[in-house]
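Welcome, and please open the model in your viewer.

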Amino acid sequence: MKRFYITTPIYYVNDVPHLGHAYTTVAADVLARYHRAQGEEVFFLTGTDEHGQKAEQAAKKAGEPVQQYVDKHAKVFQDLWPKLNITNTDFIRTTEPRHTTKVQLALQTLKDKGLIYAADYEGWYCVPDERFWTEKDLKEGNCPDCGRKVDQIREKNYFFKMSSYQQRLIEYIKGEPDFIMPPSRRNEVLGFLEKPLGDLCISRPKSRLPWGIGLPFDPDYVAYVWFDALMNYATAVGYGADEKKFAETWPADVQLVGKDILTTHCVYWTTMLMALELPLPKKIFAHGWWTVEGKKMSKSLGNVVAPDVAVEAVGADQFRYFLMREVPFGLDGDFSAAALISRVNVDLANNLGNLVSRVLSMIEKYRDSSVPPHHIDKSFPMLNISTHSRSRYDEFMARLDFSRALEEVIKLCDELNRHIVESEPWSLAKDSSKSQELDNVLRGSVDTISILGMMISPFMPESADKLMRMLGIKVRADLKAGTKISAGEALFPRIDENKAKEIEAMLTPKTGETAAVQAAPAVPLAPQITIDDFMKIDLRTAKVLHAEPVPKSNKLLKLSVDLGFEQRQVVAGIAQHYEPEDIIGKNVVMVANLKPATLMGVESHGMLLAANDGGRLVLCGTWETVQGGIKVK
Ligand code: ME8
């Protein structure tokens, strides 16, 4: 039987694990647990990406031999995952022989097939990104990706004939609507493939970068780190080593990645697989990007959220719940300690936790802690509701829509709370002729609680286990009349104000910069206006289609926005606050009837709304996605 195979990216060892890494890995774990619960055999892979310039430079900076450095840092990831209850089947490190030898096998295979050739390369090279760029790719002479300076180089290298697969890849993506998810990312890849696809430089001269896997056909070269890294998904499951295991596991069913590495996975990896005559993964899902209180996570800002600290602050289940519930999978998210605390208190402590204790204490009080029988002559409203809820939950899980799946959990809690209020078990308990009715309400409620336990278990495994223990059972099917329950302590303790302050201090320590922002005086309110004054301003929703810096300006970005009925060019003074690629696809609000103006020689036909947070500009948009051109009042 084919295993259900799930992968995360393999993380660079030069960075400390943070919220972003935890996000992808928790999502993969939720999926793995969900599929296991369906009786499937799951292979869940994560690991570390240990070659290349980044690792080499980080080791140099730390004054350590590279192997020692990567060993130490891979361990940080390996030690972290159990704290988040991650149930990966395997952990691959790209410096392991099981990987390096099979990367060499893949390279030799492609070379033998005539799909790798040597050529002189002349162009621009970004050292930190380890990427080549053509003259026209550059932005103001710098790397279009990271904005840093690039070096001109001329050297012999080896190239993979990626361009030969362009048409086949386009047709494949068009023929498989669910291959790249969500659809916005699929369109992005198809857009990328509209331009001619070049061949991929898959080597680096050892003289410049020795820390890599040697090319089997040229001792002076190592493999490009992305060729090496992407192969992990195959080498970990037996490519070239264990044919049986490979056949039972490959292709991956779901490959989870962040949107930052969409092209490497959807173009480089897929064409590599085509060239190796291997099937493509069934699905590549590129999720969105987390910021912390509106800012990119960065060491210098001191706002990197460490997953182990989050676990220590609120608990593993609570943190997992927040990550999966807060943002629809695929969209960008913003982390704040306040949002995390609010999710724990509102959804988990007040709603689900209270509901469990409400139902169990009623069974304790009215039925001496024994689960009552069903009386079949009665209808069970909760049974229908929970069956429907469960099937919607399954639909969302199948689409990797984790946030909506959890929304179903909360909705089912609301339904059960309503059912209890409406059926008034406390009144039924006073009337002995209503004993069967009371049994049915209590039984329907405790059954629903057990369904809720099942629904939360991929997300919050410890709490689901605790809940089952409170219900006196191991699996849901064990819940029978006479089963002894125990209400015990709260399933999710509430975070009180003092604890909340402690958590905020642990998770988002204020740096000098943020502290200064908080101390800034409030801007005085402008004089009052009438509603007629306000109505003169035509505010509209708009979607950012394109963004690029305005030449010679370090403040301005030139945007193209979709207003539904037309596209507009708008110049916005936000270049110091947003990278162009961060705002493409965002839904913003703009003043649509402002007279056109010319800024640094570029015409602007409108103005985006942004909050000025002590000098930091934060774009304003709509909470939910709406079409462009909708009036905002
Ligand atoms: O790119 N928000 O490794 P990496 C959401 N080694 N997800 C985030 C995130 C954020 N702010 N930051 C990181 C590499 N991630 C390569 C991958 S795979 C063959 C090689 C997550 O350590 C997200 O999954 O930079 C992203 O794609 C990944 O970490 C990048 O990890």
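One definition before we start: a residue counts as buried under 20% relative accessible area, as exposed over 50%, and as partly exposed in between. Please keep in mind that this is a predicted model.

**Stop 1: R404 and D401.** Select these two residues and show their side chains, which meet in a salt bridge with an N to O distance of 2.6 Å. Is R404 buried, exposed or partly exposed? Its relative accessible area is 39%, so R404 is partly exposed. D401 has a relative accessible area of 10%, so it is buried.

**Stop 2: R418 and E415.** Now select helix α15, residues 402-423, where both R418 and E415 lie. They are three residues apart, about one turn of the helix. Their side chains form a salt bridge, 3.5 Å from N to O. Both partners are partly exposed: R418 has 43% relative accessibility, and E415 has a relative accessible area of 28%.

**Stop 3: R93 and D71.** Next, pick out strand β3 (residues 90-93) and helix α3 (residues 66-83). A salt bridge joins the side chains of R93 and D71, at 2.7 Å from N to O. This pair links distant parts of the chain, with R93 in the strand and D71 in the helix, 22 residues apart. R93 is buried at 14% relative accessible area, whereas D71 is partly exposed at 33%.

**Stop 4: a network.** Select R3, E41, K244 and E248 together; salt bridges link them in a network. How many salt bridges does the structure hold? The count is 41.

**Stop 5: the ligand.** Select the ligand and the 23 residues around it, of which I10, T24, D49, D260 and W290 come nearest. Zoom in on T24: a polar atom of its side chain is 2.7 Å from a ligand oxygen. For H21, a side-chain N or O atom lies 3.4 Å from an oxygen atom of the ligand. Taken alone, the ligand exposes 670 Å², and the protein buries 94% of that.

Now colour β1 (4-12), α1 (19-37), α7 (225-230) and α8 (232-235), the elements that each give two or more residues to the shell. The largest share, four residues, comes from β1. By type, the shell has twelve nonpolar, nine polar and two charged residues.

**Last stop: the domains.** Zoom out and colour domain 1 (334-478) and domain 2 (531-619). Their centres, taken over C-alpha atoms, are 47 Å apart.

Notes:
Residues numbered from 1 in each chain as written. Predicted model: local features only at pLDDT ≥ 70, side-chain atom pairs only at ≥ 80, totals over all residues. Heavy atoms only, no water. Domains from an automatic or database assignment. Near = heavy atom within 4 Å. Polar contact = N/O pair within 3.5 Å; in protein donor to acceptor, adjacent residues only side chain to side chain. Areas by Shrake-Rupley, 256 points an atom, 1.4 Å probe, with all protein chains shown as cover. Nonpolar A, V, L, I, M, F, W, Y, C, P; charged D, E, K, R; others polar. Salt bridge = Lys/Arg side-chain N within 4 Å of Asp/Glu carboxyl O. Buried < 20%, exposed > 50% of the residue type's maximum accessible area, 1.4 Å probe, protein only.
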